[in-house]
Amino acid sequence: MIRLFVNAALGAGAELVLDEGQSRYLGAVMRAQAGDELRVFNGRDGEWRALVAKVAKRAVTLQVIDAARPQGAGPDLDLVVALVKRAPLETIVEKAAELGARRVRLAITERTNADHTRVDRLQAIAVEAAEQTGRLDVPQVLEPVRLEKLIGGWEPGRRLLFCDEAGDAKPVLEALTGQPVGPWAILIGPEGGFSPKEREALRGLPFAIAVSLGPRILRADTAAISALTLWQAALGDWRS
Ligand code: SAH
């Protein structure tokens, strides 16, 4: 079943004219024909059944039929990731969407170089991953912010799982056991790691828990996937 994310409001009888990219995908790639059924969602109004009404190269029209699934949301989990190279950053955003993060916050740290981040491209990757996983909300990818600013404006009550490769932090599962369910964030550093000054500041935060992901140094994408997985299993929606 094809699932498409759209921006328009959804309701029975609504007519949707898809943008050029989605129209090309439906018409040329999926060979959709008038009368075919698919699903649409917008992150707010749940998932709806829709029929292809008209196929044109640049503007496929859909007719919304009825509601298929109510809107829901996964756990309140942010992934804060230092800017890394484009390919691993794209992997991180895709996997964060699959693994149920609600937001991806990009952080500028002492050892990152923030030159060419295309947040719109990363957001499109998050949309595609959400379409494929069946989730009805799309993780929001936020513009890069300096780490100290992000920490300075930290939302009260949100806990921070600081993935610290230095080796003396608590093993992640041990650290998560018994922690409260609620708003959390996972923090992953850049290829060059956090600077000693950043580590010290992070370790001093009352809402942060420094954790180890094992005795090997992982690449940022592997670290992000591992931490998201373990958090979901310990405190998220992988529990019964
Ligand atoms: N260049 C650094 C490694 C950075 S790895 C060095 O050689 O020391 C990128 C990020 O992944 C780290 O900042 C950390 O957040 C996370 N990470 C990688 N391996 C980890 C581990 N074993 N435990 C905890 N976090 C880890």
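Q: Which polar backbone atom is 3.0 Å from an oxygen atom of the ligand?
A: One from Gly-189. That's a polar contact, meaning a pair of N or O atoms within 3.5 Å. Keep in mind this is a predicted model, where local features need pLDDT of at least 70, side-chain atom pairs count only at pLDDT 80 or more, and totals for chains, interfaces and linings use all residues. Residue numbers start from 1 along each chain as its sequence is written, and side-chain values use heavy atoms, with hydrogens and water left out.

Q: What about the ligand's nitrogen side, which residues have a backbone N or O atom there?
A: Glu-191 has one 2.6 Å from a ligand nitrogen, and Leu-218 has one 2.9 Å from a ligand nitrogen.

Q: How much of the ligand does the protein bury?
A: 85% of the 560 Å² that the ligand exposes when taken alone. Those areas come from the Shrake-Rupley method with a 1.4 Å probe.

Q: Switching topic, how many helices and strands does the protein chain have?
A: 7 helices and 12 strands, taken as DSSP runs of at least four residues for helices (H or I) and at least two for strands (E).

Q: How many of its residues are buried?
A: 47% of the 240 in the protein chain, with buried meaning under 20% relative accessible area (1.4 Å probe, protein chains only).

Technical notes:
A polar contact is a pair of N or O atoms within 3.5 Å; within protein, one must be able to donate a hydrogen and the other to accept it, and residues adjacent in sequence count only if both atoms are side-chain atoms. Buried means under 20% relative accessible area, exposed over 50%, partly exposed in between (1.4 Å probe, protein chains only).
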